[in-house]
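Here's a quick walk through one protein model. Have the sequence and the 3D view open as you read.

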Amino acid sequence: MLLSSYQETPRKTGVPRDVLRWLQSLDLSLYPKNVRRDFSNGYIAAEIFSWYFPKDIQLHSYENGTSIANKLSNWSQLEKFFHKRNLNVSKELIDGTIHCKAGAAELLLQDIYVMLTNRRIKTVQDNVVDFTDRYYQEKLPMVARSTATKSVKNNITLSELLMEPDILINRKKAHAVLDLHLQQRLQERIDDLQRFDLKPSLGELAVRLPPEAKKNEESLSKGSSASSRSNVSEVRSKTSVQFKEISVKQNERCYVTSSIDSFSSSSA
């Protein structure tokens, strides 16, 4: 019965089967049924590392509580241990695990498994984890998806507000969640136009043709260029006149005799 329940858990928790078998082999005092909730306080993580580094981690200094003080105390001790052993554990994953962000505890558990066992695993999560419930909302029907206020409530936890009382920072987080929610809504309307009774605009229905003014300008420019070319050709044709040389034959006359004859006739 236990094996069958463990075989069904990877689909529910988003953790690979090899990692779940590894957790079962450690014989922990508390097996994580809900990884996101049970890993938030850091007690199970400390118990896992105590099996590999028993001299560095003393479990009596860790408390298995759900308060924010217990979470911060446990993870601060673990961060000191990570720094001492030069273990590369993402601060972003730790913060996401403390605040029960979607996908943070699963990725942290996989990193711990690879770090301690030096094995490679195939991640179950195909999508990029952004610590929001976006991928979960996309699987739901449109009627069951969260509203704007519900998305803010789901993605900003109470522990975040208590740990960071600055109003401006929390306001920025809320605006980021609302922007993401609006983007999802716009994408839904684009994917299913008939459901939202959205009709394409006149600009989208119109045939894409160049404006009339542009056509007129193009025609005028073409006409002016053609007329200018014709005028140039006419001028060239007029100016390029070829003169033919005509050879004239003159009669051979004796200018001396003709002048004497005219003188004698005038004297008579």
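Predicted model: local features only at pLDDT ≥ 70, side-chain atom pairs only at ≥ 80, totals over all residues.

If you're wondering why both an angle and a distance get quoted, two packed helices are described by the angle between their axes and the distance between the axes.

As for handedness, the crossing of helix 5 past helix 6 is right-handed. Which residues make the contact? From helix 5 you get K71, W75, E79 and F82, and from helix 6 come K91, I94, T97 and I98. Sorted by class, that contact has four nonpolar residues, three charged ones and one polar one.

Next, a couple of loop residues with backbone angles worth a look. Most residues other than glycine have a negative phi. D27, though, has a positive phi, near 55 degrees, and isn't a glycine. N118 is another non-glycine residue with a positive value, this time near 60 degrees.

Where do they sit? D27 is in the loop that links helix 2 (17–25) and helix 3 (35–38). N118 belongs to the loop between helix 7 (104–117) and helix 8 (134–139). Are they buried or exposed? D27 counts as exposed because its relative accessibility is 60%, and N118 is exposed too, at 71% relative accessible area. Here are the two side by side:

| Residue | Phi | Relative accessible area |
|---|---|---|
| D27 | near 55 degrees | 60% |
| N118 | near 60 degrees | 71% |

Now zoom out to the whole protein. How many helices and strands does it have? The count is 14 helices and zero strands, so reading along the sequence gives α-α-α-α-α-α-α-α-α-α-α-α-α-α.

The protein has 268 residues, and 29% of them count as buried.

Finally, the contacts along the chain. Taking the contacts with a separation of 6 or more, 56% are between residues 24 or more positions apart.

Terms used: Residues numbered from 1 in each chain as written. Heavy atoms only, no water. Left-handed = near helix turned anticlockwise from the far one by under 90°. Helix = DSSP H or I, 4+ residues; strand = E, 2+ residues; numbered from the N terminus. Contact = heavy atoms within 4.5 Å. Nonpolar A, V, L, I, M, F, W, Y, C, P; charged D, E, K, R; others polar. Buried < 20%, exposed > 50% of the residue type's maximum accessible area, 1.4 Å probe, protein only.
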